Structures are given as C-alpha cells and as structure tokens.
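Look over the sequence and the model below.

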Amino acid sequence: DRLVEPLLGGVYAGDAYRISMRAAVPQLYEAARQEPSLLAAVRAVQRESRRAAERAEGEQPPAFLGIRGGLGRLPQAVADACRAAGAEVRTGSRVRRLERAADGWGAVVEGPEGERSLTADAVVVAAPAPAAAELLRAESPGAAAELAAYEYASMALVTMAFRRREVSLPAGSGFLVPPVDGRSIKAATFSGSKWRWVAEQAPELTLVRTSLGRHGEERVLERDDAELAALARADLAAAAGITAEPVDTLVTRWDAGLPQYPSGHQARVGRIRAALGSVPRLALCGAALDGVGIPACAASGRSAADQALAEAGQSSKREGRESHV
C-alpha cells in the first residue's frame, strides 16, 4: 500500500491490485519468477542494470531522462522530420472511417475543408483504443470488440511557479502519495530539481507540478481549475511545508489519457493482433498495446510502420508502382 501502489499506480494512474505485473514491469516480473522475494527481484534487476552499463563502458544512466525545453518538443520534431522527408501532416482533421479497397485502403477524412476521401496502399492506426475500435469495426469486428473493452484513466496536472526565495523544497526530485493517506494529489515533482534546464531557464522561480486523479477516482476532476489548484496547494503545505503564494498556476487535464493494463492484458493484445492478422496492409500501434512510456510507444510505432511499408512494398513491387502509407 505504501510502496508498490504509489510507484506502480502512479505511472499508470491506476490500481496496483488490478495492474498486470507482466505487462507493466516485465523485467521485474521475470526476476520475481526466479528470486525468493520481491525485494530480491528488485535487487536482481538493479544488478543487471549496473552490468549493462559496465558492458557499454559507460556510467549508470540517470533515473530520469528528458528533452531540454520539455517533452512537448518531441512530436513537433517528429512532424518536422516527416515534412522534411516529403510527408504531408494534416492537423485538425479526423478520420471518420476506413474502407478496404482492391489495391489498399480508402479513408474518409473530415477537416477544415469539409469531408474528403484519401487513398493509401497501407494504413497505420495510431489512436487510443476507443477510436481505433470505431475505425476497425467494419473490417475486424473481433479486434474492435477487444479494443472497445479497454478502460482509461483521467488525470490533471497542476503546475505552480513560486518565487525561489519564498520556498524551501525537501531533498530529492519530488514525492509520491500513497492513496491510503487520503490526499487529493497522487504525486509532486520538483521540476527544477529533476530537470536542470528548468532551473536554468527561470533561476528566480521554483516550479512544482502535482497530479490528481486515477482510475476509479475521477470525481475530483469534476472540480474547476481553481478548486484543483487549491487542493494541490493544501496537500503541498501538509506534505512539504510549501505555503507560499504561487506567482502563476497552470492546470492541464488529460481526459481518458492512460490505458489500463489489467491482469490478462497481454492475452488481450495477442487476440487483437491475431484478429488483425487477416487484414492486409493495416498495422496498429500505440500506448494501448505494449507500454505507455515514450520508448515503448516509439518502438510500437516503428514496428507498425515497418509492417505497413513491407506489405505495401511487396504489393507495389508486384504491380510496378510506388507505395503510399
């Protein structure tokens, strides 16, 4: 309740009693099968991590990695790289439906210019499970039914900027809050302590980010932004003694942002992939499958792109034309 739940439940904004250990922390799961206790399994994973760093002739990597300027730069960099390679990126558009054609796919897209049809040799569906279910319902009802059964958690972030001279933070980069404590916030991050570039960007300020909400506990998110900020400030005062008035506050809401990985998750993913195995030139990727973190999502996207390009390329090669995804 005071170690596993805040750590694992915090990452997925879920209930650690329902989360699949095998899907959420596969390294620890495999180690736990070999070791006599969970603590011994954790130590085994740590030893292997140190050995990997030594084999790479490098130092132990830091616990947290990020991007200078914030992770929000990542999708923009991907879009820029795609455009530089000749791709067209359309924002403000929604795919209403997919239709299989003899030589690929058709997509009905609704955008600023109205509704129009696009054609492609192959399609990669990179969308949350409910949206993917709607797009796949006609062509793969089995996969769509599995995707429609996913549950998602909503959460909100309250980011506060304080005058540095008015606050004194505890050591470390933040803290997690066990749900059994009955507090509103689930975690707090001392952004300047965790990311050096944040402290360098505004040396006169101290930024603190708190999170609220988790699967099954979304009622707190029905409050307006001012109420959420007040709850966050009250919990920060109780936990870390931070009572100063922030100079600015930003509330960011992530509605249905985190897919839940209950026990049996990997079997569900296996059924989805088996159902899509008979659908040509279509690949599926995203946080709902093999991990919610950026490395897992990037790997999922690369795998789906490789699959789509391979299938489209094989068909186009036989037909002597270029392929488009």
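## Spaces and helices

α11 (265-276), β10 and α13 (294-319) each supply at least two residues of the lining of the second largest pocket. Helices (H or I, at least four residues) and strands (E, at least two) are DSSP runs, numbered from the N terminus. α13 gives the most to this lining, with five residues.

This is a predicted model, where local features need pLDDT of at least 70, side-chain atom pairs count only at pLDDT 80 or more, and totals for chains, interfaces and linings use all residues. Residues are numbered from 1 along each chain as its sequence is written, and side-chain values use heavy atoms, with hydrogens and water left out.

The second largest pocket holds about 230 Å³ of space. Its lining has 15 residues, and R273, L282, A283, L284 and Q307 are the closest to its centre. By class, that lining has eight nonpolar, four polar and three charged residues. Here Ala, Val, Leu, Ile, Met, Phe, Trp, Tyr, Cys and Pro count as nonpolar, Asp, Glu, Lys and Arg as charged, and the others, Gly among them, as polar.

How is empty space found? Rolling a probe the size of a water molecule over the atoms shows where it is left. On a 1 Å grid over the protein atoms alone, a cavity is a set of points where a 1.4 Å probe fits but cannot get out. A pocket is an open set with protein on both sides within 12 Å along at least five of seven lines. Lining residues have an atom within 4 Å of a point. Grid points are joined across faces, edges and corners, and a volume is the space filled by probe spheres set on the points.

The structure holds one cavity of 30 Å³ or more. The largest cavity has a volume of about 30 Å³. Among the residues that line it are A127, P128, L147, C285 and G286. α6 (129-136), β10 (282-285) and α12 (287-290) each supply at least two lining residues. α12 gives the most, with three. By class, this lining has 10 nonpolar, one polar and no charged residues.

Next, the helix pairs. Axes are lines fitted to C-alpha atoms, for helices over the stretch in contact, and angles run from 0 to 180 degrees between N-to-C directions.

| Helix pair | Axis distance | Angle |
|---|---|---|
| α7 and α11 | 8 Å | about 155 degrees |
| α3 and α4 | within 8 Å | roughly 120 degrees |
| α6 and α7 | within 8 Å | roughly 160 degrees |

Angles under 35 degrees count as roughly parallel, over 145 as roughly antiparallel, 65 to 115 as roughly perpendicular and the rest as oblique. So α7 is roughly antiparallel to α11. α6 and α7 are therefore roughly antiparallel too. α3 and α4 are therefore oblique to each other.

A crossing is left-handed if the near helix is turned anticlockwise from the far one by less than a right angle, and right-handed if clockwise. α7 and α11 cross left-handed. The crossing of α3 and α4 is right-handed.
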